[in-house]
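Here is a quick tour for anyone who wants to get their bearings before turning the view around. Have the sequence and the structure side by side as you read.

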Amino acid sequence: MKNIPQSADDLILQYLDGNLTMQDKSSFENSLKSDNNLRERFFQLKLVHDSLLANQLNHPGSNFTASVMSNLQPSIRLGMSPKNGLMLLLGVGIALTLGVIFLSSGGFDQLTGVITLNQIQLPEKFTQQTLPSIPFNANFIMKILIGLNLAIAFVLFDRTVLQPFFRNRAVSRVR
Amino acid sequence: MIDQLEENRLLDRILDGEQEAYAPLVDKYKSYAFTIALKILNNRPEAEEAAQDAFIKAFHYLKTFNRQAKFSTWLYRIVFNTAISYKRKNKVQMQSIDDVSIEYSGTSGGTLERNDKEEFVRQAMDKLSDADRLAIQLYYIKEFSLEEVAGIINQPLNTVKVRVHRARQRVGDELKRILKEEALTL
């Protein structure tokens, strides 16, 4: 096959892009019928043209927008995946339930008293002064622990459920 | 569909602090942004990460967007630069040609099987430089005008025109060589 001149390539590409006038287009098509070299080159460039035309838009995953929106303000992120957050929330919920059941059934009522530090046997050099006694009430400690758990559960519920819910609702409303 | 007026209203609302107004813009441009990143990175997860990163950057730098250019062109240039920097950081592993996600499907006639034609054009495209390949690919995505392609890759319009024209010729030449080699091996 002979080398095709640059002007022929230009003509072919203009034809493929649909930029030729009707007259030029007709003349070019006639040339194609009579010129084997031009026809061969035409099919090469047409193959490239058609292949690239089929190269259309690609689409990202379905959660793309949600992912962008949730990362706009990283400071309000929980620092763990939603799945892990929910698992932790479930764990805190179970611990709370068990604590409340034990507390209401009086399981800690008997666990009260005083811890007398003087009863601990220590070498004499450490016990020159009288050590104090510490009152101990398991009921009271359990109430504090349940209160702390409630606070943690609320924060987790807010970060893993409430904030994503209201953010998604606001996003879908604005669309 | 969001028109130019609605887009400007959304931009105003975002600048007034209404973060949720950004979601429709992300929805509108995500496929274009992802496509640009994919053409550069040839890796879907990386391209998705780069495109998301670019949207977040655009959100934070929205105050610097002067609205003389189209928002889309400004955004696509951020996507282009982000994807290029991802590539420079060598975050992308070299892939075998089978993993390359650019899809072609020829429609020309002839005796070649469709998959063979796709493969030959792909091989020919691989001989182009990154800039030429991206320019030609974006040019053929009908949603991108030549002016927009020039804006995205930050080159003068005439340079891009010449680049696209020569790139197509080079792919044609390369294709001719590949087909000739194939014919000899038969």
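What follows goes from the overall fold of one chain to the interface, then to some individual residues.

## Chain B at a glance

Keep in mind that this is a predicted model. Chain B is built from 8 helices and 0 strands, so its pattern along the sequence is simply α-α-α-α-α-α-α-α. Of its 186 residues, 50% count as buried. The chain exposes about 9600 Å², with carbon and sulfur atoms supplying 48% of that.

If you look at contacts in chain B between residues at least 6 apart in sequence, 63% of them join residues at least 24 apart.

## Where the chains meet

The contact draws on 50 residues of chain B and 39 residues of chain A. About 4100 Å² is buried between the two, and carbon and sulfur atoms give 60% of that area. There are also 14 residue pairs in polar contact across the interface, counting pairs with both residues at pLDDT 80 or more.

On the chain B side, helix 2 (22–41), helix 3 (44–60), helix 5 (114–126), helix 6 (130–140) and helix 8 (157–185) each supply at least two of the residues touching chain A. Helix 2 gives the most, with 12 residues. Sorted by class, this side of chain B has 22 nonpolar, 13 polar and 15 charged residues.

## Salt bridges across the interface

Over all chains the count comes to 15 salt bridges, and 2 of these span the interface of chain B and chain A. One is between Arg168(B) and Asp17(A), with the closest N and O atoms 2.7 Å apart. That pair runs from helix 8 of chain B to helix 1 (residues 6–17) of chain A. Arg168(B) counts as buried because its relative accessibility is 4%, whereas Asp17(A), at 24%, is partly exposed.

Arg41(A) and Asp173(B) also meet through their side chains, at 2.8 Å from N to O. This pair belongs to a network of salt bridges linking Asp9(A), Arg41(A) and Asp173(B).

## Salt bridges inside chain B

Arg177(B) and Glu174(B) pair up at 2.5 Å, N to O. Both are in helix 8, 3 residues apart, or about one turn of the helix. Residues three or four places apart on an α-helix point the same way, because there are 3.6 residues a turn. Glu174(B) is buried at 14% relative accessibility, while Arg177(B) is partly exposed at 34%.

Another salt bridge joins Arg13(B) and Glu18(B), at 2.8 Å from N to O. Arg13(B) is partly exposed, with a relative accessible area of 29%, and Glu18(B) is partly exposed too, at 32%.

## Buried and exposed spots

Helix 6 of chain B is largely enclosed by the rest of the structure, because 8 of its 11 residues are buried. Among them are Asp132(B), Arg133(B), Leu134(B) and Tyr140(B). Lys127(B) counts as exposed, at 57% relative accessibility, and it touches Glu174(B) and Arg177(B), leaving aside residues up to four places away in sequence. Its C-alpha is 9.9 Å from that of Ala167(B), which is 40 residues away in sequence.

Ser72(B), in helix 4 (residues 71–88), is buried at 4% relative accessibility. Leaving aside residues up to four places away in sequence, Ser72(B) touches Tyr29(B) and Glu148(B).

Technical notes: Residues are numbered from 1 along each chain as its sequence is written. Chains are lettered from A and ligands numbered from 1 in the order in which they are written. This is a predicted model: local features need pLDDT of at least 70, side-chain atom pairs count only at pLDDT 80 or more; totals for chains, interfaces and linings use all residues. Side-chain values use heavy atoms; hydrogens and water are left out. Contact means heavy atoms within 4.5 Å. Buried area is the accessible area (1.4 Å probe) that two parts lose on being put together, summed over both. A salt bridge is a side-chain nitrogen of Lys or Arg within 4 Å of a carboxyl oxygen of Asp or Glu. A polar contact is a pair of N or O atoms within 3.5 Å; within protein, one must be able to donate a hydrogen and the other to accept it, and residues adjacent in sequence count only if both atoms are side-chain atoms. Helices (H or I, at least four residues) and strands (E, at least two) are DSSP runs, numbered from the N terminus. Ala, Val, Leu, Ile, Met, Phe, Trp, Tyr, Cys and Pro count as nonpolar, Asp, Glu, Lys and Arg as charged, and the others, Gly among them, as polar. Buried means under 20% relative accessible area, exposed over 50%, partly exposed in between (1.4 Å probe, protein chains only). Accessible areas come from the Shrake-Rupley method with a 1.4 Å probe; for residues, only the protein chains shown count as cover.
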